[in-house]
Amino acid sequence: MRLPVLLIAAVVSACVSSSDALARPIWAPTIDNPYCAITTFVLPDLSEQAMSTVDADERPVIVINGLTVRQTRAYANFLMAHECCHHTLGHVANVHRRLGQLGPQPFFYIAPQLKGMELEADCCAVRMLKFKNEPESIEAGRLAMSQFGSSPTGAHYPTGDERADNIAACAAKD
Ligand SMILES: [Zn+2]
């Protein structure tokens, strides 16, 4: 997940150019997301692999990188489940609301919670993928995170090792 400010910027630069455009629906193809009923857009040149936000009408949306969908479908499934979890666990709504209330440097206040939210969404995704009987998607997520090693998986995010270990631990649980 990326924070809504970044998401909106990314969506604007990728999809629309005029400042009133956010009042209109995002123009992009959608993909069938088997893990939740949230509209999931596919963007060919998204800078992130996936993200969650709300649209101009405050409806939850997910955006996923088109290249990831085409090249590594099992990992794309992990990401879609992970983004669904950010919505169902209330992360997106909470961050969106809090960013609206905070003054300058809102990231400073939210950063400590981002780590926990990522680990929570990963574990929730694992549960969902287990339920759907998709061990290959869980493993694709674990492997992708492990490749970051001791580096953070994003600004203010847990390290790759932390996320890979967390995914494995969640997968081992009943
Ligand atoms: Zn996330």
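Residues are numbered from 1 along each chain as its sequence is written. Because the model is predicted, local features need pLDDT of at least 70 and side-chain atom pairs count only at pLDDT 80 or more, while totals for chains, interfaces and linings use all residues.

**Overall fold**

The protein chain contains 7 helices and 3 strands; here helices (H or I, at least four residues) and strands (E, at least two) are DSSP runs, numbered from the N terminus. Read from that terminus, the order of elements is α-β-β-β-α-α-α-α-α-α. Of its 174 residues, 38% count as buried. A residue is buried if 20 or more other C-beta atoms lie within 10 Å of its own, exposed if 12 or fewer, and partly exposed in between, with C-beta atoms placed from the backbone. Two residues are in contact if their C-beta atoms, placed from the backbone, lie within 7 Å. Among contacts between residues at least 6 apart in sequence, 58% join residues at least 24 apart.

The 3 strands form an open sheet in the order β1-β3-β2, with mixed pairing; two strands pair if DSSP finds at least two bridges between them. β1 (39–43) and β2 (50–54) stand at the edges, each with a single partner strand, so one side of each has no neighbour in the sheet. On average, neighbouring strands are turned by 25° against each other, direction ignored. β1 and β3 (residues 60–65) run parallel and are joined by 5 bridges. In this pair, T39 stands opposite V61 in β3. Helix α3 packs on the sheet, where it touches β1, β2 and β3, and its direction makes about 160° with that of β3. Axes are lines fitted to C-alpha atoms, for helices over the stretch in contact, and angles run from 0 to 180 degrees between N-to-C directions.

**The packing of α3 with α6**

Helix α6 (residues 135–146) packs with α3 at an angle of about 90°, and their axes are 8 Å apart. The two helices are therefore roughly perpendicular, a term for angles of 65 to 115 degrees. From α3, residues A74, Y75, N77 and F78 meet E136, S137, I138, A140, G141 and A144 of α6. By class, this contact has 6 nonpolar, 3 polar and 1 charged residues. Ala, Val, Leu, Ile, Met, Phe, Trp, Tyr, Cys and Pro count as nonpolar, Asp, Glu, Lys and Arg as charged, and the others, Gly among them, as polar.

**Individual residues**

A76 lies in helix α3 (residues 73–88). Leaving aside residues up to four places away in sequence, A76 touches I64, T68 and V69. A171 belongs to helix α7 (residues 160–172) and, with the same exclusion of residues up to four places away in sequence, touches V126, K130 and I138.

Most residues other than glycine have a negative phi. N133, in the loop between α5 (106–131) and α6, has a positive phi near 60°. H156, in the loop between α6 and α7, has a positive phi near 65°.

| Residue | Other C-beta atoms within 10 Å | Class |
|---|---|---|
| A76 | 24 atoms | buried |
| A171 | 17 atoms | partly exposed |
| H156 | 17 atoms | partly exposed |

Definitions and conventions
Angles under 35 degrees count as roughly parallel, over 145 as roughly antiparallel, 65 to 115 as roughly perpendicular and the rest as oblique.
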